[in-house]
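Subject: Structure handover

Hello,

Here is the structure for you to look over. My notes follow below it.

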Amino acid sequence: MDRTSLLKKWLPGLALVLLAFVSAPAHARSEPLYFALEVRRDGRLIAQPKLLGEAGRTLRAERRRPGATVPDYRLVLTPKGEGDSFQLQVDLSLPEGEGHSQLALLHGQERKLQLGRVPGELEVSLLLMKVDSPEFRALMRLTEPATGTVKSVSCSI
């Protein structure tokens, strides 16, 4: 088989493979994300983590009291960017039980998830924001003390 016939045979296949790679949409966007959560057990606030993560990377967080062998909670978030939304998998473990949910969120959207067996038993409120956004920067400015604001006052007579 000569070189010309070999090229004629393999070139169309190679072109199709290259075309598939070029035209395939990028499913996994790597984008910095901010998560603000509230975890409630039977209506009582038990955790309020605020986390920075990245689309396409699993984020793990746990809170453990000094000397404790078991964490108060363990949280695993798995965000994936898809179009304008983010697919998110949430896994929460507590000493009393665990919960799992999958949902789609838009930038700036907040949702409440029921992870327990009955409504209100284990509830998670979740806010997702893109870090490099005007809304995120505005939120961070809200949590910083304003310039010239008095933080504390003491007086002795």
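β1 contributes the most to the lining of the largest pocket, with four residues. Helices (H or I, at least four residues) and strands (E, at least two) are DSSP runs, numbered from the N terminus. This is a predicted model: local features need pLDDT of at least 70, side-chain atom pairs count only at pLDDT 80 or more, and totals for chains, interfaces and linings use all residues. Residues are numbered from 1 along each chain as its sequence is written, and side-chain values use heavy atoms, with hydrogens and water left out.

**The pocket**

The largest pocket has a volume of about 160 Å³. Its lining has 13 residues, and Ala36, Leu37, Lys50, Glu110 and Leu127 are the closest to the centre. Two or more lining residues come from each of β1 (32–41), β9 (122–130) and α2 (134–143). By type, the lining splits into seven nonpolar, three polar and three charged residues. Here Ala, Val, Leu, Ile, Met, Phe, Trp, Tyr, Cys and Pro count as nonpolar, Asp, Glu, Lys and Arg as charged, and the others, Gly among them, as polar.

On terms: a pocket is an open set of points on a 1 Å grid over the protein atoms alone, where a 1.4 Å probe fits, with protein on both sides within 12 Å along at least five of seven lines. Lining residues have an atom within 4 Å of a point. Points are joined across faces, edges and corners, and the volume is the space filled by probe spheres set on them.

**The strands**

β5 (residues 73–82) and β6 (residues 85–94) run antiparallel, joined by nine bridges. Strands pair if DSSP finds at least two bridges between them. The hairpin of β5 and β6 has two residues between the strands, and glycine 83 there takes a positive phi near 65°. β6 also runs antiparallel to β7 (residues 97–106), with 10 bridges. That hairpin, too, joins its strands through two residues. Aspartate 91 in β6 stands opposite valine 76, and also opposite histidine 100 in β7.

**Serine 30**

Serine 30 sits in the loop between α1 (3–23) and β1. Is it buried or exposed? Serine 30 counts as exposed because its relative accessibility is 56%; the cut-offs are under 20% for buried, over 50% for exposed and partly exposed in between (1.4 Å probe, protein chains only). Serine 30 touches Glu54 and Ala55, leaving aside residues up to four places away in sequence. Contact means heavy atoms within 4.5 Å.

Best wishes
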